[in-house]
Amino acid sequence: RFTAQSTAVSITVNGAQHDNIIVLYDNLFNQMPGNSVENAAGYGVSETLNYQGLTPGVQYLISVGAVSAPAGPFTFCLRHLNASFCADGLNVNYQLCSNTKAQFTGATTYTYNFT
């Protein structure tokens with residue numbers, strides 16, 4: 001589970017020994033509406049679920065794993081996504097940005113050890 005820091009999130013699962021799947025739920029165990037399941041890449045390929053429409057401060061649940069047994073070791077990365085902003089430091093209200101970039105929040109690396 002995680003607490004949303006922004007209105008969008010990107011979740012990537014890597015597991016080379018199985019067909020990965022990601023499902024996003026609200027804090028009452030209801031699957032989030034829209035495109036809240038990712039299982040398109042196939043066996044042994046990373047899956048990435050990008051989801052928009054979260055409420056900052058609310059907890060959400062992630063289900064990650066294998067489509068079918070047996071499952072093997074996997075890692076996942078969760079990124080809170082913010083709206084893009086001016087990469088050159090200009091005030092965004094002027095719309096004079098020559099380029100934009102994604103703005104991430106929180107730690108850049110998390111490590112989980114499951115037994």
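This is a predicted model: local features need pLDDT of at least 70, side-chain atom pairs count only at pLDDT 80 or more; totals for chains, interfaces and linings use all residues.
Four strands build an open sheet, and their order is S1-S6-S3-S4. The pairing is antiparallel. Strands of a sheet pair through backbone hydrogen bonds, either parallel or antiparallel.

Now look at the ends of that order. Strand S1 (2–3) and strand S4 (37–38) stand at the edges. Each has a single partner strand, so one side of each is left without a neighbour in the sheet. For S1, the partner is strand S6, residues 59–66. The two run antiparallel and are joined by 2 bridges. In one of these strands, S6, Gln59 is the bridge partner of Thr3.

Next, go to the loop between strand S3 (20–25) and S4, where Ser36 lies. Ser36 has a relative accessible area of 1%. Buried means under 20%, so Ser36 counts as buried. What does its side chain touch? The side chain of Ser36 makes a polar contact of 3.3 Å with the side chain of Gln31. Beyond its neighbours within four places in sequence, Ser36 is in contact with Ile22, Val23, Leu24, Gln31, Leu49 and Tyr51.

Leaving aside neighbours within four places in sequence, Ser10 is in contact with Thr48, Leu49, Asn50, Cys77, Leu78, Arg79 and Leu81.

Conventions: Residues are numbered from 1 along each chain as its sequence is written. Side-chain values use heavy atoms; hydrogens and water are left out. Contact means heavy atoms within 4.5 Å. Two strands pair if DSSP finds at least two bridges between them. Buried means under 20% relative accessible area, exposed over 50%, partly exposed in between (1.4 Å probe, protein chains only). A polar contact is a pair of N or O atoms within 3.5 Å; within protein, one must be able to donate a hydrogen and the other to accept it, and residues adjacent in sequence count only if both atoms are side-chain atoms.
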